[in-house]
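Subject: Structure for you to look at

Hello,

Here is the structure I said I would pass on. My notes on it follow below.

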Amino acid sequence: ITPDQLRGMQSQLQRFILEYEFALREIDTKIEILRDEFETMHDYNPIEHVSSRVKSADSIMAKVDRRGIPRDLAAIRAQITDIAGLRVTCSFTDDVYRLFDLLTQQEDIVLQTVKDYVAEPKPNGYQSLHAIVCVPVFLSTGKINVPVEIQFRTIAMDFWASLEHKIYYKYDGSVPAQLLAELKEAADIAAALDARMQGLHHQLHGIRASGS
Ligand code: 0O2
């Protein structure tokens, strides 16, 4: 490979990654607008926090090889849909669906796939609502539609998922059975807590509505 070819590949890759960063900015802005509107117009804010990341080149290539996808940008663009990822952590389970609706019903957003691990948790207890959406990004060369994976979850679901993720990596995927059972139990407790908090929240709003 010549230095010129290498420079060409580097700039292609840089441009490729940039498209996903732009898409994340578009979605971030949409969420910021919703959050600001909720704060100003309503009596509470359903969004606790938002985080986003673009997958690193190493992690994209690891997934490409794991899945047997050709190492070419067009194939990667078509088949890896979580290069841009965004996580919206909400206060209550209702808010998870509310935010999902508010975002995915916007007319420039195209909903591609939904995985509802809240309605149907994974066997290990993992809960979250996952959506792959396509968002338009306007470049000097024209419009491109870029896929973004959005994960909607409650604080309790997020708490559980981040600990489970750490444990999974610590044990390199081979987590002892006892720990897996405890994690599943913790997931059930987190789900029960979410249901309880949601109930309290409804009561609070009921009291406010009838008391005002
Ligand atoms: P990261 O670092 O968060 O990006 P795949 O994307 O191929 O791994 P699939 O079935 O296409 O799998 O995607 P799915 O089921 O929608 O889940 C993808 C992402 O959801 C993961 O991304 C995690 O962020 C999260 N996730 C899914 N299952 C679990 C789980 O059991 N525990 C935890 N803690 N997180 C989970 P990545 O790429 O694995 O990691």
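The ligand is surrounded by D82, G85, K115, K122, N124, Y126, H130, A161, E164 and H165; a residue is near a molecule if its C-beta atom, placed from the backbone, lies within 6 Å of it. This is a predicted model, in which local features need pLDDT of at least 70 and side-chain atom pairs count only at pLDDT 80 or more, while totals for chains, interfaces and linings use all residues. Residues are numbered from 1 along each chain as its sequence is written.

The shell around the ligand divides into 2 nonpolar, 4 polar and 4 charged residues. Here Ala, Val, Leu, Ile, Met, Phe, Trp, Tyr, Cys and Pro count as nonpolar, Asp, Glu, Lys and Arg as charged, and the others, Gly among them, as polar. Helix α5 (residues 155–170) gives the largest share of this shell, 3 residues.

The chain has 6 helices and 5 strands. Helices (H or I, at least four residues) and strands (E, at least two) are DSSP runs, numbered from the N terminus.

The 5 strands form an open sheet in the order β1-β2-β5-β4-β3, with mixed pairing; two strands pair if DSSP finds at least two bridges between them. At the edges are β1 (47–54) and β3 (110–116), each of which pairs on one side only. β4 and β5 pair in the antiparallel sense over 11 bridges, and V133 stands opposite V148 in β5.

Helix α1 packs on the sheet and touches β1, β2, β4 and β5. Its direction makes about 175 degrees with that of β1; axes are lines fitted to C-alpha atoms, for helices over the stretch in contact, and angles run from 0 to 180 degrees between N-to-C directions. Helix α5 also packs on the sheet, touching β1, β2 and β5, and its direction makes about 95 degrees with that of β5.

What lies in the largest nonpolar core? This core has 24 residues, and those with the most contacts inside it are A23, V148, I150 and F152. A nonpolar core is a set of buried Ala, Val, Leu, Ile, Met, Phe, Trp, Tyr and Cys residues joined through C-beta atoms within 7 Å. Buried means that 20 or more other C-beta atoms lie within 10 Å of the residue's own, all placed from the backbone. A second, separate core of 6 residues includes M157, W160, A187 and A190.

Of the 212 residues of the chain, 21% count as buried.

Regards

Definitions and conventions
Buried ≥ 20, exposed ≤ 12 C-beta atoms within 10 Å, placed from the backbone. Contact = placed C-beta atoms within 7 Å.
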